[in-house]
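Work through the exercises below with the sequence and the 3D view at hand. Try each task before reading its solution.

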Amino acid sequence: MIRLLSEEAQLEEMVKLVGMDALSPGDRLIMEAARSIREDFLHQLAFHEVDTFTGAQKQYMMMKLVTEFYNICREAIDGGMEIETVVALPVRERIGRFKYVREENCQEEFESIMGDLIAQTKGDDN
């Protein structure tokens, strides 16, 4: 995750000069994954009844979802999937909302999201 955030910082300079559309699909994926790290993992709502505290296991699952999103989508892009398709995957919203899942439901939701991520990157939207 630190590597992705570091690469994002370097790419930000290029985006400021030439725009997001000039980036390669792999670099755009780095930007999307880093945004997910910042918004979905690092951002916490202190007054939200579920998000105010997150146990270690749930934190691990959150990190795993974001990193697997990056890894699986990288493979999909290398296999010919368009970056626009990756950016529009419905599972991205579920990854972002995982932090609002109650601790006792985390494992089931994690497995469901991972299944959707794999299915959607293989072209099976269920």
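Contact means heavy atoms within 4.5 Å. This is a predicted model, in which local features need pLDDT of at least 70, side-chain atom pairs count only at pLDDT 80 or more, and totals for chains, interfaces and linings use all residues. Residues are numbered from 1 along each chain as its sequence is written, and side-chain values use heavy atoms, with hydrogens and water left out.

**Exercise 1.** State what share of the contacts in the chain between residues at least 6 apart in sequence join residues at least 24 apart.

Solution. Take the contacts between residues at least 6 apart; of these, 67% join residues at least 24 apart.

**Exercise 2.** List the elements of the chain in order from the N terminus.

Solution. Helices (H or I, at least four residues) and strands (E, at least two) are DSSP runs, numbered from the N terminus. The chain holds 6 helices and 0 strands. The order is therefore α-α-α-α-α-α.

**Exercise 3.** Describe the largest nonpolar core.

Solution. Step one: a nonpolar core is a set of buried Ala, Val, Leu, Ile, Met, Phe, Trp, Tyr and Cys residues joined through side-chain atoms within 4.5 Å. Buried means under 20% relative accessible area (1.4 Å probe, protein chains only).

Step two: the largest core has 33 residues, and those touching the most other members include Leu29, Phe69 and Leu117. α3 (56–78) is among the elements that give two or more residues to this core, and α3 gives the most, with 10 residues.

Step three: beyond its neighbours within four places in sequence, Phe69 contacts Leu29, Val86, Arg92, Ile95 and Leu117.

How values were computed
Buried < 20%, exposed > 50% of the residue type's maximum accessible area, 1.4 Å probe, protein only.
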